Amino acid sequence: MLTVWFKRPLWQRVAVAFALGILAGALVGERATVWFKPLGDIYLNLVRMIVIPLVFFTITSSVAKLAEAGNVARLGIRTLFWFMATSVLAVLVGIAFGHLINPGLGLSNLPLGEVKPRAIPTPLEVLIGIVPTNPIKAMADTNVLQVLFFAGIVGAALVSLGDKTAGIRTLVDQGAALVFRITRWVLQLTPLGTFGLIAWVVGKYGLSSLLPLGKFIAAMYIACLFHIIVVYGGLLKLHGLKVGRFFRGVLPAQQMAFATSSSLATLPMSLRVAVERLGVPQSYASFAVPLGANVKMDGCGAIYPAIASIFIAQYFGLDLSLTQYVLIGLTAVLGSLGTAGVPGTSIVMLTLTLSTAGLPLEGIGYIIAIDRVIDMMRTATNVTGQVLVPVLVAKEEGVLDLTVYNGGEETRAVSPEAVLAPAE
């Protein structure tokens with residue numbers, strides 16, 4: 001029976017686990033926290049265990065290869081452009097659906113949850129914080145941006161030294177191959193982790209706690225689905241790519257993102273689907289996908305602050321001016337590039353958006369109780385965009401492997417020796 005189970009595609013196994021998790025959570029209720037959440041916690045710990053080695057080895061190896069090809073700057077600029085462009089579209093989607101659904105109208109006397117004060121770093125502090133004072137401490141603290149920066153410096157230095165560091169470059173490539181193998185083992189446990197996490201969420205929240213904010217939850221889910229299907233799908237069409245094939249390819253990462261509510265926890269899966277299922281060269285994907293997991297947040301940093309701001313304004317009976325909409329849009333776009341890919345930090349960006357627009361911060365307390373439920377959809381949106389942008393850029397650069405992109409299930413294995421070269 002185990003042989004039959006593991007012969008099924010991963011997304012199908014995850015879908016079965018997802019359904020069983022909903023059923024188990026509904027049956028046992030709050031006891032799911034004790035019975036099933038440990039399964040999810042163990043799985044998340046395993047994934048987090050491999051994130052830092054994966055980022056360090058893949059970024060170091062990919063920067064060295066991209067630097068040799070002489071197109072690091074061009075790829076970086078194109079990637080950041082699409083990060084920004086899709087974030088602007090996400091803000092517009094959030095504002096549009098906020099007004100179409102009007103989630104804050106007709107509500108009163110909602111329970112007020114406790115909101116812990118969060119320090120909001122200035123742009124200068126964010127910039128300074130990217131540079132690590134101690135790379136080893138950055139790794140121990142799972143500060144992915146600092147590790148990414150250090151790995152980029154190491155990769156550039158390896159290129160600069162040439163043949164003098166040939167042995168180290170071989171070691172880095174071998175390290176990447178080793179981490180990818182461990183990653184494949186860990187990702188086989190995704191159905192088990194999904195079952196535990198979904199059972200816990202369903203058991204903890206239940207339907208009764210979600211009903212008072214049903215319109216807000218619906219607005220978030222509908223806006224995110226519209227952004228994924230229509231906006232992302234439209235961009236794929238404009239690039240001459242099959243939309244259905246992209247969504248089939250990215251589905252395992254979306255499933256994992258929905259269950260874990262963490263872009264960083266989903267990073268190994270995102271990188272795998274980008275390379276193996278969608279044909280993005282590993283040397284570029286290893287650079288763009290980890291970067292996106294830290295700065296590309298269409299769901300948490302763009303759609304969510306826009307809808308939440310409208311919800312809070314409507315709940316308190318405030319009329320938003322054109323200036324406030326502009327401030328919400330600008331702050332949300334910047335927030336989508338600055339929100340860390342871990343659960344909960346979207347509250348920081350919402351605080352920043354509300355402060356900038358002059359809206360009452362206590363409004364956060366009315367939606368904090370259902371944050372985990374909407375965070376699942378926000379993260380699935382984030383991860384979809386984090387995979388989409390490398391696909392678009394690879395297509396524009398003529399290096400997307402269309403044979404893999406248009407092919408069947410997992411048609412290419414990850415190879416640390418993969419180089420950035422035009423696709424046949």
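The expected span of a helix is 1.5 Å times one less than its number of residues. Helices themselves are DSSP runs of H or I with at least four residues, numbered from the N terminus.

Good morning. The model under discussion is predicted: local features need pLDDT of at least 70, side-chain atom pairs count only at pLDDT 80 or more, and totals for chains, interfaces and linings use all residues. Residues are numbered from 1 along each chain as its sequence is written, and side-chain values use heavy atoms, with hydrogens and water left out.

I begin with helix α10, residues 190–205. From first C-alpha to last, its 16 residues reach 22 Å, close to the 22 Å expected at 1.5 Å a residue. How many of the 16 residues of α10 are buried? The count is 13, so the helix is mostly covered; buried means under 20% relative accessible area, exposed over 50%, and partly exposed in between, with a 1.4 Å probe and protein chains only. Just after α10, Gly-206 adopts a positive phi of about 65 degrees.

Thr-142, at about 55 degrees, sits in the loop between α7 (135–140) and α8 (144–161) and is partly exposed, with a relative accessible area of 37%. Ser-261, again at about 55 degrees, lies in the loop between α12 (243–260) and α13 (263–277). Ser-261 is buried, because its relative accessible area is 1%.

I turn to helix packing. The axes of α14 (residues 282–295) and α19 (residues 371–397) come within 9 Å and cross at roughly 145 degrees; axes are lines fitted to C-alpha atoms over the stretch in contact, with angles from 0 to 180 degrees between N-to-C directions. In contact, meaning heavy atoms within 4.5 Å, are Tyr-284, Ala-288, Val-289, Gly-292 and Ala-293 of α14 with Gln-386, Val-389, Pro-390, Val-393 and Ala-394 of α19.

Finally, the aromatic residues. The structure holds 16 aromatic pairs; rings of Phe, Tyr and Trp (its six-membered ring) pair if their centres lie within 6.5 Å, and planes under 30 degrees apart count as stacked, over 60 as edge-to-face and the rest as tilted. Why is the pair of Phe-56 and Phe-57 edge-to-face? The ring centres are 5.5 Å apart and the planes stand at 75 degrees, so the pair falls in that class. Phe-56 is buried at 18% relative accessible area, whereas Phe-57, at 23%, counts as partly exposed. Elsewhere, ring pairs link Phe-216, Tyr-304, Phe-311, Tyr-315, Phe-316 and Tyr-366 into a cluster.

Methods. Helix = DSSP H or I, 4+ residues; strand = E, 2+ residues; numbered from the N terminus.
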